[in-house]
Amino acid sequence: MILPWMSAIVWPCMLAVPLAMTTPGSPLHYSEIFQKRWYEYDPSTDDVMPKPLGLSLGLLAVAVGQVLILCVFGGFKFGYFTMGQEPLSIQTKGARPYVFSEGVMTHLAQPEGFVLLFLYLAGTWMGKLMPDSYYSFEGGIEWVKVFGCLVAQDGIQYAMHRLEHDASPAFYKYSHKPHHKFTNPRLFDAFNGSILDTICMILIPLYATANIVHCNVWTYMAFGSMYANWLTLIHSEYTFPWDNLFHIFGFGTPADHHVHHAFFKYNYGHLFMWFDQLGNTYKHPSHFAPKAFNRNV
Ligand SMILES: [Zn+2]
Ligand SMILES: [Zn+2]
């Protein structure tokens with residue numbers, strides 16, 4: 001069955017903008033489109049405000065990635081990759097029914113989602129709060145650092161997530177509880193929570209990660225887009241063709257994250273299950289099959 005695997009195009013789609021702008025010979029290479037003075041900037045000596053090109057391209061990278069993965073997901077959901085059949089839902093009760101356009105609108109318009117993320121990115125960039133390396137356009141995507149950022153981000157997010165659950169009932173109520181109203185989430189619930197939840201679980205880890213791994217602008221873009229899109233994908237109501245492969249490596253899948261939404265005290269990690277394995281909080285989705293979860297998710 002090759003057809004369902006075509007949905008794996010979501011992974012390169014997330015990286016469309018940084019790949020198109022850094023691959024040598026690409027007609028969209030940044031040196032072909034932009035004049036040097038639009039992006040040449042040294043935060044250690046230049047006293048003026050940072051140039052907004054890097055920020056704008058970063059926002060564009062996430063936006064293009066989101067549009068492309070939502071299109072592929074729509075095709076997947078409506079059976080274009082599965083011979084007209086609805087894909088296998090994670091939970092035995094089936095996927096929650098909803099109108100696709102409502103899902104897209106809710107997903108994009110949450111104030112605690114992309115709106116808050118935009119404010120954070122714009123504020124830290126223009127306020128010169130990012131480490132100097134982030135303002136550099138030199139070199140392409142540094143893949144080892146992209147991976148380093150994803151791991152650091154997920155590790156800190158794991159710690160913050162556990163804190164939100166355990167620090168105090170009142171803190172949980174105002175921060176993370178709103179996201180837990182979904183016990184059988186759909187892809188579009190990824191950023192549906194509260195402002196405090198986004199600050200604790202996404203923005204604080206992002207700021208810490210930026211200070212741990214010093215990237216250039218392309219690496220930051222690739223990491224940011226992969227992170228936002230992967231967080232979206234793990235909320236999918238359906239299993240993806242690559243999930244069994246991901247389980248082998250301990251990469252986060254929708255079923256892993258559904259375990260957290262359905263049972264609360266397992267699988268606090270998002271992109272990787274490694275921190276749960278270390279912290280003894282990991283439960284494989286097969287543990288809940290066939291009663292609550294479908295087999296092979
Ligand atoms: Zn979630
Ligand atoms: Zn939680």
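**Exercise 1.** Determine in which hand α5 passes α11, and describe how the two helices pack.

*Solution.* Step 1: α5 passes α11 in a right-handed crossing; a crossing is right-handed if the near helix is turned clockwise from the far one by less than a right angle, and left-handed if anticlockwise. The model is predicted: local features need pLDDT of at least 70, side-chain atom pairs count only at pLDDT 80 or more, and totals for chains, interfaces and linings use all residues. Residues are numbered from 1 along each chain as its sequence is written, and chains are lettered from A and ligands numbered from 1 in the order in which they are written.

Step 1: Helix α5 spans residues 53-77 and helix α11 residues 217-233; their axes lie 9 Å apart at an angle of about 30°. Helices are DSSP runs (H or I, at least four residues; strands are E, at least two), numbered from the N terminus. Axes are lines fitted to C-alpha atoms, for helices over the stretch in contact, with angles running from 0 to 180 degrees between N-to-C directions.

Step 2: α5 and α11 are therefore roughly parallel to each other (under 35 degrees; over 145 is roughly antiparallel, 65 to 115 roughly perpendicular and the rest oblique).

Step 3: Contributors to the contact include G54, L57 and G58 of α5 and V217, Y220 and M221 of α11; residues are in contact if their C-beta atoms, placed from the backbone, lie within 7 Å. By class, this contact of α5 with α11 holds eight nonpolar, eight polar and no charged residues. Ala, Val, Leu, Ile, Met, Phe, Trp, Tyr, Cys and Pro count as nonpolar, Asp, Glu, Lys and Arg as charged, and the others, Gly among them, as polar.

**Exercise 2.** At what angle do α8 and α11 pack, and which residues make the contact?

*Solution.* Step 1: Helix α8 (residues 143-166) packs with α11 at about 45°, the axes being 9 Å apart. The two are therefore oblique to each other.

Step 1: The crossing of α8 and α11 is right-handed. K145, V146, C149, L150 and Q153 of α8 meet T219, A222, F223, M226 and Y227 of α11. Seven nonpolar, two polar and one charged residues make up the contact of α8 with α11.

**Exercise 3.** What helix content does the span of residues 55-76 have?

*Solution.* Step 1: An unreviewed UniProt entry places a "transmembrane region" at residues 55-76.

Step 1: Residues 55-76 are 100% helix and 0% strand, with end C-alpha atoms 31 Å apart.

How values were computed
Two residues are in contact if their C-beta atoms, placed from the backbone, lie within 7 Å. UniProt positions are given in the numbering used here, feature names are shortened, and annotations may be inferred rather than shown by experiment.
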